[in-house]
Amino acid sequence: MGKRFIPRPTIMSELKNYLMITLGLTLYAFTWKFFMAPYKFVTGGITGVGGIVEYTTGLPMQYTYFAINIILIIIAIQQLGWKFCVKTIYAIVVMTFALEMFDIIFQTCPTAYDILGPDKQLEACIVGSIFIGMGIAFCFLSNGSTGGVDIIAAIVNKYKDISFGRAMLYVDACIIISSFFIIPNPSLSISLQKVFYGFINLVIVNVSLDYMVNSNRQAIQFFIFSSKYDEISYYITRYLKRGVTLLDSVGYYSGKEGKVVTTIARANQSNQLLSAIKQIDPNALISQSKVMAVYGNGFDKIKAKTKAAKFDSNSSKEFKIEENKK
């Protein structure tokens with residue numbers, strides 16, 4: 001095979017991932033402190049647990065968030081391994097620091113929290129939920145995690161036949177409902193109102209998260225014509241973690257035999273692949289097209305329910321007899 005060329009974009013892509021995770025978590029922390037905390041909203045996740053603790057005891061939520069995540073990380077390392085936890089640990093540290101930073105801003109400038117003004121609960125809930133969904137999407141699209149419920153859902157998904165999203169939804173719903181019994185409020189109607197806003201937050205966060213993630217998870221099919229097909233294939237399988245199929249080809253005019261590299265990747269991986277191909281073989285011919293859906297290893301699972309087909313041995317024999325008569 002010879003020595004393979006390793007393109008630079010892998011390092012830059014990883015740095016970009018960490019930058020996007022940082023931006024996403026900073027947006028999440030900003031939204032929580034400036035839109036959720038002033039109205040004492042309860043969200044899902046460990047931030048929701050931290051919010052409940054802060055509203056009842058006065059302990060800043062970032063300390064609860066950090067403490068619970070440290071326990072979950074220790075469990076996750078044992079159950080899921082270090083590969084899952086590296087970016088999660090980074091995310092926990094960034095989120096804790098960002099929450100503390102915005103707390104300091106609030107102490108130095110209390111009016112900074114009065115962005116929407118009083119009696120704007122619904123507006124704050126809607127805007128804040130959209131921003132939180134965007135922040136989480138930045139993390140997911142960069143192969144990161146926000147920690148907390150993500151860890152719990154991943155562990156549950158490993159041992160039980162419950163999807164990752166459904167496990168997160170169950171845990172988040174339990175956290176929001178628990179606020180009704182834990183957080184003291186002047187009246188029953190206010191307690192119910194907080195739970196109501198919590199579920200509005202849960203729905204909007206998931207809708208905005210799905211919109212951003214699904215729009216970036218669109219599949220792209222590549223046909224790559226290059227004499228350096230081996231190096232390109234190695235890059236795709238080694239760094240993009242995608243499968244490759246090599247097709248035999250013959251140039252009609254030149255008569256030369258070669259190989260065509262075919263692969264399917266996510267839309268957010270296309271720039272990384274194109275940049276790598278440009279460094280490996282600037283003269284490569286590339287055909288790129290969108291794919292409506294891809295199911296299988298590394299992509300989406302087939303969600304259609306299968307029904308067991310009924311097989312009648314007698315009807316099968318009758319069919320064979322009729323065929324023989326013909």
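**Aromatic pairs**

I started with the rings and found 11 aromatic pairs in this structure. My criterion: rings of Phe, Tyr and Trp (its six-membered ring) pair if their centres lie within 6.5 Å, with planes under 30 degrees apart called stacked, over 60 edge-to-face and the rest tilted. This is a predicted model, so I kept local features to pLDDT of at least 70 and side-chain atom pairs to 80 or more, while totals for chains, interfaces and linings use all residues. Residues are numbered from 1 along each chain as its sequence is written, and side-chain values use heavy atoms, leaving out hydrogens and water.

I looked up Phe-34 and Phe-102: their ring centres are 5.8 Å apart and their planes stand at 90 degrees, so I logged the pair as edge-to-face. Phe-34 belongs to helix α1 (residues 9-36) and Phe-102 to helix α4 (residues 82-108), so the pair links distant parts of the chain, 68 residues apart. For the record, helices (H or I, at least four residues) and strands (E, at least two) are DSSP runs, numbered from the N terminus.

Phe-34 and Phe-102 are both buried; I use buried for under 20% relative accessible area, exposed for over 50% and partly exposed in between (1.4 Å probe, protein chains only). Phe-34 and Phe-102 also sit in one aromatic cluster with Phe-30, Phe-35 and Phe-131.

My next pair was Phe-180 with Phe-181, edge-to-face at 5.1 Å centre to centre and 90 degrees between the planes. Phe-180 is partly exposed at 25%, whereas Phe-181 is exposed at 66%.

**Charges over rings**

Here I asked for NZ of Lys or CZ of Arg within 6 Å of the ring centre and within 35 degrees of the ring normal. Lys-87 places its charged end over the ring of Tyr-18, 5.5 Å from the centre.

Which order do the four strands take? I read β2-β3-β1-β4, an open sheet with antiparallel pairing (two strands pair if DSSP finds at least two bridges between them). The edge strands, β2 (245-250) and β4 (285-291), each pair on one side only. Strand β1 (residues 219-225) is joined to β4 by seven bridges, and Phe-225 has Leu-285 as its bridge partner in β4.

**A buried glutamine**

Last, I checked Gln-272, which lies in helix α10 (residues 270-280). Gln-272 counts as buried because its relative accessibility is 17%. Its side chain makes a polar contact of 3.2 Å with that of Tyr-235 (a pair of N or O atoms within 3.5 Å; within protein, one must be able to donate a hydrogen and the other to accept it, and residues adjacent in sequence count only if both atoms are side-chain atoms).
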